[in-house]
Amino acid sequence: VQLVESGGGLVQAGGSLRLSCAASGSTAGIASMGWYRQAPGKSREFVAAITSDGVSNSSADSVLDRFTISVDNTGNTMHLQMNSLKPEDTAVYYCTAWASVAGKTDLYWGKGTLVTVSA
């Protein structure tokens, strides 16, 4: 499974960005997708996740009511709508996918996209 993020960039505090993650390869085995982020000098943290059918999702308390995760009807493209952005949201955002390929389940990672929120 290959994951490619897009949509990062520079935005002012209070602004919005929409991240996307496109999955390719053995996508039939994807059970769920999600986002993690890593701010400078900090450890990577969970942001949000969603099942591939879009029925169930969860978000970190820090982004609840500001970020919305969604998946398209193919289950292969995921989005993260980020509103009311704060400087503390500045981080590299990584797309992830739990997928079973050839009988083995792994967590796959994209290379990340940088989001910078200026004060």
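Trainee: Which residue in S3 does Leu3 stand opposite?
Mentor: Keep in mind that we're looking at a predicted model. Strand S1 covers 2-6, and S1 pairs with strand S3 (residues 17-24) in the antiparallel sense over five bridges. Within S3, the residue that stands opposite Leu3 is Ala23.

Trainee: Okay, and what is the order of the strands in the open sheet?
Mentor: There are four strands in this sheet, and their pairing is antiparallel. Read across the sheet, the order is S1-S3-S8-S7.

Trainee: Why is one side of S1 and of S7 left without a neighbour in the sheet?
Mentor: Look at where they stand: S1 and S7 are at the edges. One side of each has no neighbour in the sheet because each has a single partner strand. As for the sheet's twist, from one strand to the next it averages 15 degrees.

Trainee: Let's stay with S7. Which residue in S8 is the bridge partner of Thr68?
Mentor: S7 and strand S8 (residues 77-82) run antiparallel, joined by five bridges. Thr68 is on the uncovered face of S7 along with Ser70, while Phe67, Ile69 and Val71 make up the covered face. Over in S8, the bridge partner of Thr68 is Gln81.

Trainee: Is Arg66 buried or exposed?
Mentor: Arg66 sits in the loop between strand S6 (57-59) and strand S7 (67-71). Leaving aside neighbours within four places in sequence, Arg66 is in contact with several residues, including Met82, Leu85 and Asp89. Its relative accessible area is 10%, and the cut-off is under 20%, so Arg66 counts as buried.

Trainee: Which residue's backbone oxygen does the side chain of Arg66 reach?
Mentor: Start from the contacts of Arg66, among them Asn83, Ser84 and Lys86. The side chain of Arg66 comes to 3.0 Å from one backbone oxygen, and that oxygen belongs to Ser84.

Trainee: Now the hairpin of S7 and S8. Which residue there takes a positive phi?
Mentor: The hairpin has five residues between the strands. One of them has a phi near 75 degrees, and that's Gly75.

Trainee: And Thr74: which side chain does its own side chain join in a polar contact?
Mentor: Thr74 is in the loop between S7 and S8, and is partly exposed, with a relative accessible area of 49%. A polar atom of its side chain lies 3.1 Å from the backbone nitrogen of Asn76. The side-chain partner, at 2.8 Å, is Asp72.

Trainee: Last one: how far apart in space are Thr74 and Ala28?
Mentor: In sequence, Thr74 and Ala28 are 46 residues apart. In space, going C-alpha to C-alpha, the distance is 9.6 Å.

Note on methods:
Residues are numbered from 1 along each chain as its sequence is written. This is a predicted model: local features need pLDDT of at least 70, side-chain atom pairs count only at pLDDT 80 or more; totals for chains, interfaces and linings use all residues. Side-chain values use heavy atoms; hydrogens and water are left out. Helices (H or I, at least four residues) and strands (E, at least two) are DSSP runs, numbered from the N terminus. Buried means under 20% relative accessible area, exposed over 50%, partly exposed in between (1.4 Å probe, protein chains only). A polar contact is a pair of N or O atoms within 3.5 Å; within protein, one must be able to donate a hydrogen and the other to accept it, and residues adjacent in sequence count only if both atoms are side-chain atoms. Contact means heavy atoms within 4.5 Å. Two strands pair if DSSP finds at least two bridges between them. Axes are lines fitted to C-alpha atoms, for helices over the stretch in contact, and angles run from 0 to 180 degrees between N-to-C directions.
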